[in-house]
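Take a look at the model below.

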Amino acid sequence: MSHLDHTPSTPGKFKIDKSPYYSRTRWHSSVAKLTLWSSLFVALIFLFFYRSPSSSSNNPPSSDPSRRYLASATWGGAAWEKRVRTSARIRSRNGFSVLVTGAAGFVGTHVSSALKRRGDGVLGIDNFNDYYDPTLKRARQALLERSGVFIVEGDINDVALLKKLFDIVPFTHVMHLAAQAGVRYAMQNPGSYVHSNIAGFVSLLEVCKDANPQPAIVWASSSSVYGLNTKVPFSEKDRTDQPASLYAATKKAGEEIAHTYNHIYGLSLTGLRFFTVYGPWGRPDMAYFFFTKDILKGKSIPIFEAANHGTVARDFTYIDDIVKGCLGSLDTAEKSTGSGGKKKGPAQLRVFNLGNTSPVPVTDLVGILERLLKVKAKRNVMKLPRNGDVPYTHANISYAQKEFGYKPTTDLQTGLKKFVRWYLSYYGDKKAVAR
């Protein structure tokens with residue numbers, strides 16, 4: 001087993017109508033869009049501070065897991081600085097020194113491991129919140145430590161910590177993967193999405209733009225930004241102004257923020273729109289993961305269907321293919337053009353889809369799991385809830401193919417086989433064997 005598991009078409013040319021009516025319409029459209037996004041940003045920031053655990057004495061200080069570390073985490077000292085330097089030391093010719101945020105997360109762990117294997121210097125940072133089982137994150141941490149990757153325990157909103165890391169290590173690149181994930185959880189804890197996906201991203205960019213030299217930044221956006229878009233496959237040039245969830249809105253906000261820092265400060269920024277990533281060491285809140293768990297326990301699993309009994313399908317993308325896309329983006333990222341917070345020239349700004357290009361119905365995914373686990377699933381068919389989920393995703397990856405040769409090679413059957421093997425090994429479940 002590998003790793004940790006033992007341009008879209010150019011739009012047609014058209015003649016622009018220069019009539020006064022067209023000008024007025026275009027102006028009103030621009031104002032409307034500006035008003036929409038301005039209102040969204042204000043609402044989200046207000047929501048964050050209004051619901052912030054520190055804003056009310058009635059809320060315990062640890063009620064938001066994304067902020068819990070602030071009261072207890074410590075860092076600094078000669079021994080700590082030595083670990084930071086050692087982990088970030090480049091061991092290959094022309095290698096990078098990369099700060100990976102969210103390094104104990106699913107994608108973060110795999111990317112950190114791949115970078116370390118090829119000789120790049122890698123330093124991780126993660127706040128180890130309990131959105132899902134922290135013991136899984138700690139196990140990933142232990143895995144990375146054995147390969148020489150040190151993960152600093154801290155939050156990306158801790159600007160003092162970030163500045164200290166940049167003082168110790170002149171990072172050439174940042175792989176920003178830290179985020180509050182999950183579409184449905186946003187209905188329970190909206191403030192955590194603003195804290196991590198908006199405020200956290202801004203905190204990181206503030207430190208990066210003041211760094212000398214400025215690093216090139218590759219960061220995780222999401223395929224969820226396509227929202228209610230019905231045109232498939234999804235292309236980077238498609239509209240993304242109809243988010244179907246708060247999670248999607250924060251990721252779209254991130255893309256707008258990235259544009260701003262690129263334009264003002266000369267930061268090189270590449271956003272990656274991931275499409276339903278799966279594989280070993282994955283996230284327990286993802287369907288393939290908890291389906292496996294519940295099938296083995298004999299519990300029923302929810303199978304959603306779209307309107308009029310339509311099919312719900314996802315562009316499932318295996319983790320190794322996502323890692324190739326992340327490294328390809330890093331390798332082709334141009335240097336930032338600013339210095340000490342001042343822009344000295346135009347900088348690179350890109351967004352790529354990273355998917356598999358082969359959407360699979362969720363019912364087919366369940367069928368594959370049944371065969372691998374040798375257990376019949378108890379299916380509970382229900383309508384797709386109005387909680388931010390969309391019925392269909394499909395990536396157009398032609399831009400990534402053109403820019404750095406991105407080509408996914410793992411089909412769902414093969415990827416799930418590797419996941420099940422890992423799952424049974426990690427959790428010690430001997431009821432099924434994936435051959």
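Arg-273 is buried, because its relative accessibility is 4% and the cut-off for buried is under 20%. Its partner is Glu-255: the two side chains meet in a salt bridge, 2.7 Å from N to O. Glu-255 also counts as buried, at 10% relative accessibility. The pair links distant parts of the chain. Arg-273 sits in strand β6 (residues 269-274), while Glu-255 sits in helix α7 (residues 246-265). They are 18 residues apart.

Keep in mind that this is a predicted model. Why can such pairs form? Side chains of opposite charge can pair when their charged atoms come close. The count for this model comes to 15 salt bridges. Three of them are set out here.

| Pair | N to O distance |
|---|---|
| Arg-273 and Glu-255 | 2.7 Å |
| Glu-81 and Arg-85 | 3.5 Å |
| Glu-206 and Lys-209 | 3.6 Å |

Next, the pair Glu-81 and Arg-85. Both residues lie in helix α2 (residues 78-88). They are four residues apart, about one turn of the helix. Is Glu-81 buried or exposed? Glu-81 is buried, with a relative accessible area of 17%. Arg-85 is partly exposed, at 43%.

Now Glu-206 and Lys-209. They are three residues apart in helix α6 (residues 190-210), so about one helical turn separates them. Glu-206 counts as partly exposed, with 28% relative accessibility. Lys-209 counts as buried, with 10%.

Finally, the packed helices. Helix α10 (residues 362-373) packs with helix α12 (residues 412-427). Their axes are 10 Å apart, and the angle is about 45°.

Which residues make the contact? From α10 come Leu-365, Ile-368, Leu-369, Arg-371, Leu-372 and Leu-373. From α12 come Leu-412, Gln-413, Leu-416, Lys-417 and Val-420. Sorted by class, this contact of α10 with α12 has eight nonpolar residues, one polar residue and two charged residues.

Terms used:
Residues numbered from 1 in each chain as written. Predicted model: local features only at pLDDT ≥ 70, side-chain atom pairs only at ≥ 80, totals over all residues. Heavy atoms only, no water. Axes fitted to C-alpha atoms, helices over the stretch in contact; angles between N-to-C directions. Helix = DSSP H or I, 4+ residues; strand = E, 2+ residues; numbered from the N terminus. Contact = heavy atoms within 4.5 Å. Nonpolar A, V, L, I, M, F, W, Y, C, P; charged D, E, K, R; others polar. Salt bridge = Lys/Arg side-chain N within 4 Å of Asp/Glu carboxyl O. Buried < 20%, exposed > 50% of the residue type's maximum accessible area, 1.4 Å probe, protein only.
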